[in-house]
Structures are given as C-alpha cells and as structure tokens.
Amino acid sequence: MARILVLNGPNLGRLGSREPDVYGSQDLAALKVLLEADAPSHEIDLRQTDSEPELMSWLFEAVDTNTAVILNPAAFTHYSYALRDAAAMVTKAGVPLIEVHISNPHSREEFRHNSVISAVATGVIAGFGFDSYRLALAQLTR
Ligand code: DQA
C-alpha cells in the first residue's frame, strides 16, 4: 500500500482548540479520518511536531523512502531556511512535496505573506481549511 506522509509543523497539534475562527474546530485525528476516507488504497502517515529538526528528519525519510509529502510547515513556513533546504532535497530527488495551509496566509498579517518553502515545493494549496490537504491528496493520488 503506497504511503503518503502528511507532516504538520508547530502548534498544529492544538488544532480543534487553537483559534477556531481561523483554523476551524476539528483536530488532526479528524483530518486523518477524512484523508483515509478519500484515499482508501493509501496509507496516510500523519504526523505533527513542534520541533524543527524532527520535521527535517521526516523530510530526509521522505527522500530515503521515496514517499510523497503533504507539508503544512505552519510558522516555519515564514522563516526556516533549514526546513526549506530539507524540502528542496525532497523535490530535487523527484519526490513530490505539496505545501498546504489551512488559512490563506496572504489575507493575514504581513509576516505570513512570504513562504521560504513555496519556491522549492511542487505546488502550494492554501485557504480551504482541511480541504487544502484533501486537494493535495487528490493531486498526489490521481
Ligand atoms: C498555517 C499558516 C501559518 O501562517 C501559521 O503560522 C500556522 C498555520 C495554516 O495552516 O494556515 O501555524 O500554516
């Protein structure tokens, strides 16, 4: 069964209670259920960490195991060159990596308007709530 890594960065473990007006009231467990229903023939390996090195190590794993990635880098999106370099290793290895955001960062504070990840991602989907992940999964499984 083909595996897809669904990687989530800092504070996303608080989904459900964190700023529900921005991020909705569903948590990551609910997201996993949605994605598994969408792609029953794939293994949805959904993870979350607040740790930059841990998130990087999961991208190294994606390279080493040739596993497609849906990545919500959360706040790391805006400043982590280390994560960007790790994401570049994934796409330069020919492994797809789709950057996703629940909110539309471009409609929010100025500091959210720049992503250091987007230029090395295969594609970017933002602003559709959990459907951002579902659209990314649809693209990876089509
Ligand atoms: C986010 C947007 C980021 O700006 C923010 O830091 C997050 C979540 C999103 O999914 O909308 O933590 O990546």
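Q: Which residues does UniProt list under "active site"?
A: Tyr 23 and His 101 carry that annotation, which comes from an unreviewed UniProt entry. Keep in mind that we're looking at a predicted model here.

Q: Switching to the ligand: where is it?
A: You'll find the ligand in the largest pocket.

Q: What's around it?
A: The ligand's surroundings are made up of Arg 18, Tyr 23, Asn 72, Ala 74, Ala 75, His 78, His 101, Ile 102, Ser 103 and Arg 112.

Q: How many of the shell residues are nonpolar, polar or charged?
A: The shell has four nonpolar residues, four polar ones and two charged ones.

Q: Which polar side-chain atom lies 2.8 Å from a ligand oxygen?
A: That's one belonging to His 101. The side chain of His 78 also has an N or O atom 2.7 Å from an oxygen of the ligand, and for the side chain of Arg 18 the distance from an N or O atom to a ligand oxygen is 3.1 Å.

Q: How much of the ligand's accessible area does the protein cover?
A: On its own the ligand has 330 Å² of accessible area, and the protein covers 99% of that.

Q: OK, new topic. What does UniProt mark as "binding site"?
A: The unreviewed entry puts that feature at Asn 72, His 78, Asp 85, Ile 102, Ser 103 and Arg 112.

Q: Why don't they all gather at one spot?
A: The farthest two C-alpha atoms are 23.8 Å apart, so the set doesn't all come together in one place; in sequence the residues span 41 positions.

Q: Which ones from this set line the largest pocket?
A: The pocket lining takes in Asn 72, His 78, Ile 102, Ser 103 and Arg 112.

Q: Last one: where's Ile 102 in the fold?
A: Ile 102 is in a loop, the one running between strand β4 (97-101) and strand β5 (123-126).

Conventions: Residues are numbered from 1 along each chain as its sequence is written. This is a predicted model: local features need pLDDT of at least 70, side-chain atom pairs count only at pLDDT 80 or more; totals for chains, interfaces and linings use all residues. Side-chain values use heavy atoms; hydrogens and water are left out. A residue is near a molecule or strand if one of its heavy atoms lies within 4 Å of it. A polar contact is a pair of N or O atoms within 3.5 Å; within protein, one must be able to donate a hydrogen and the other to accept it, and residues adjacent in sequence count only if both atoms are side-chain atoms. Accessible areas come from the Shrake-Rupley method with a 1.4 Å probe; for residues, only the protein chains shown count as cover. On a 1 Å grid over the protein atoms alone, a cavity is a set of points where a 1.4 Å probe fits but cannot get out, and a pocket is an open set with protein on both sides within 12 Å along at least five of seven lines; lining residues have an atom within 4 Å of a point. A molecule sits in a cavity or pocket if more than half of its atoms lie within 2 Å of its grid points. Ala, Val, Leu, Ile, Met, Phe, Trp, Tyr, Cys and Pro count as nonpolar, Asp, Glu, Lys and Arg as charged, and the others, Gly among them, as polar. UniProt positions are given in the numbering used here, feature names are shortened, and annotations may be inferred rather than shown by experiment. Helices (H or I, at least four residues) and strands (E, at least two) are DSSP runs, numbered from the N terminus.
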